[in-house]
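I opened a new notebook page for this structure. My notes follow in the order in which I looked things up.

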Amino acid sequence: MGPPISALPAPADAAPASAPGPAAPRRRRRLPVVLAAVLLLVLASVGVVITRPGPVAGWLGDDAGSGPNAVGVTPEPAPSDVLGGPDSNAPVPTPDGVRAVLDPLVGVAALGDRVNVSVADVITGQTLFAKGADDGTVPASVTKLATAVTVLAARGPGYRIPTRAVAGAKAGEVVIIGGGDPTLAINKKGYYPGAARLDDLAAQVRTALGGTPPTSVTVDGSVYSGPVYGPGWDDDIPTGGSGGAVTALMTDGARTDPGVEHGSAPRFAEPDLAAGKAFARLLGVPTDSVKRGAAPPQAAAGASPAPGTELGVVQSPPLIRLVDVMISESDNLVAEALARQVALARGQPASFDGGAAAMDAEVAELGLPADEISVSDGSGLSRLNRISPSLLTDLIRLAASPDHPDLAGVFGGLPVGGWSGTLNERYRTAAGTAAGAGSVRAKTGTLTGVHSVAGLVTTADGRLLTFAVLTDKVPGDRDTAQPALDRIAAALAGCGCG
């Protein structure tokens, strides 16, 4: 996952020009947020401390008593901090100072005439800048921050998604039941590291069947319902490589080739049947026998194994890792799977509508203004989605709260300016953005005419701020819009704004 955050390049010292601004922003309800050691915990997913005893070890299923220390090996030194907590003594930027820096940047033509912004101090919750902050705006992939927080709240960071195989109604029939794990691999060459594997499941099935040869494979994806493509998706999304059919059984995020590099890739039109055929090949069953169907109920008696008898099960990586993948790679199919886990946890149908309703309910249960979020999917591909910038900064501050340690996993995969993920090539060469390199950690979003970013930024004085900038009427393309967005976050990184 790359070097620890402590190895990131230091931010530049350049500060943008300032200008006077309008009246002070509307004051929002404060959350009881104090960010300290929590951010050390959330970056565990980079591999620095995930095997240590403690909450993260528990989420990942690690047993502190079974490691090297249990057999007398000298313990390693405690890991160094990968991201120090905020300096509570650092001066807090003033609303007037922030306005003077940001007003000239949020009004540039490259961002269009609808630029909605929220900036707040993480420790105090004080609103420092608000422009259309409470207005619902098309968020694009920034939606994934809401998906991450709600699934961690609903399921918990240690939850794993099962893929099961049971005996079918006919002798030799094997039913594979998709639980919604989008990272399931066929074998060790899968796309997602640490994924559950069909070859492991097939081995369990052969053992459970004993001498009975499997004869057919049935695919049960009935845990999902409704359309496989989201409402409000652009026409080219199903075939453009960034999205695809959302089914409860798929391998490698429905990629036809798990060996492709990160980013867009061809996807199976029917991921569930493609996965079923891969499973059939592993069992030595003709692929033309694969069909969709339902698993039979558990039979009390009859043939051995009785219909419905579990023949094997494999588990996805824990949700904290799936959230990390979703955010760091902006993985749309992982996002849709996680939204459906929110639905299942709340007793809603595992569909686009059910996931949206469950996310809305989870936001309300967390004490946030649910009237400022209305989504139609979990990935942000839908142009029907609306989220306010202030709700995003509230979500980020809530996830940073020690009162909600289970939500801290949202931070581990956040791209770092000039360093990783979707920000890898940004904050490097565009004029006025250098201060954001290594100081901005944020989720980005892009659709045609829509550009957004939300996350964390450390000021030149060491103050940690949360920010969200959403634009959904951009007249040009990303080559002009993204640098304009980056200058806003870089301005916060480069100033004291006192």
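**Entry 1: strand β4 and its sheet**

I began with a pair of strands: β4 (residues 173–177) and β5 (residues 216–220) run parallel, joined over five bridges. I count two strands as paired if DSSP finds at least two bridges between them. Helices (H or I, at least four residues) and strands (E, at least two) are DSSP runs, numbered from the N terminus.

A note on the source: this is a predicted model, where local features need pLDDT of at least 70 and side-chain atom pairs count only at pLDDT 80 or more, while totals for chains, interfaces and linings use all residues. Residues are numbered from 1 along each chain as its sequence is written, and side-chain values use heavy atoms, with hydrogens and water left out.

I looked up bridge partners next. Glu173 has Ser216 in β5 as its partner. Val175 is partnered by Thr218, also in β5. From β4 the chain passes through α5 to β5, and this β-α-β crossover is right-handed. Right-handed means that, with the strands pointing away from the viewer, the path from the first strand over the helix to the second runs clockwise.

I then checked β3 against β4. They pair in the antiparallel sense over four bridges. Ala165 has Ile176 in β4 as its bridge partner. The hairpin of β3 and β4 has five residues between the strands, and Gly172 there takes a positive phi near 85°.

What is the order of the strands in the open sheet? I read β6-β5-β4-β3-β7, five strands with mixed pairing. β6 (291–292) and β7 (310–315) stand at the edges with a single partner strand each, so one side of each has no neighbour in the sheet.

Is β4 enclosed or left open? Five of its five residues are buried, so β4 is largely enclosed by the rest of the structure. Buried means under 20% relative accessible area, exposed over 50%, partly exposed in between (1.4 Å probe, protein chains only). Glu173, Val175 and Ile177 are buried on one side of β4, and Val174 and Ile176 on the other.

Helix α5 (residues 198–209) lies across β3 (162–167), β4 and β7, at about 160° to β7. Helix α7 (residues 271–283) lies across β3, β4, β5 and β6, at about 150° to β5. Axes are lines fitted to C-alpha atoms, for helices over the stretch in contact, and angles run from 0 to 180 degrees between N-to-C directions. Contact means heavy atoms within 4.5 Å.

**Entry 2: strand β12**

I moved on to β12. Eight of its eight residues are buried. Leu464, Thr466, Ala468 and Leu470 form one covered side, with Leu465, Phe467, Val469 and Thr471 on the other.

Strand β1 (residues 115–121) pairs with β12 in the antiparallel sense over seven bridges. Ala120 stands opposite Thr466 in β12. β11 and β12 also run antiparallel, joined by eight bridges. Val457 has Leu465 in β12 as its bridge partner. The β11 and β12 hairpin has five residues between its strands, and Gly462 in the turn has a positive phi of about 90°.

**Entry 3: the cores**

The largest nonpolar core has 51 residues, and Leu145 and Leu392 have the most contacts inside it. A nonpolar core is a set of buried Ala, Val, Leu, Ile, Met, Phe, Trp, Tyr and Cys residues joined through side-chain atoms within 4.5 Å. Elements that each supply at least two residues of this core include α4 (143–155), α8 (319–329), β11 (450–458) and β12 (464–471). A second, separate core of 32 residues includes Val98, Val106, Val469 and Ala490.

I found Ser141 in the loop between β2 (127–131) and α4. Is Ser141 buried or exposed? Ser141 is buried, at a relative accessible area of 10%. Beyond its neighbours within four places in sequence, its contacts include Ser330, Asn332, Lys443 and Thr446.

Gly355 lies in helix α10. Its relative accessibility is 3%, so Gly355 counts as buried. Gly355 and Ala339 are 16 residues apart in sequence and 5.1 Å apart in space, C-alpha to C-alpha.

**Entry 4: the whole chain**

Last, I noted the totals. The protein chain has 12 helices and 12 strands. Of its 498 residues, 55% are buried.
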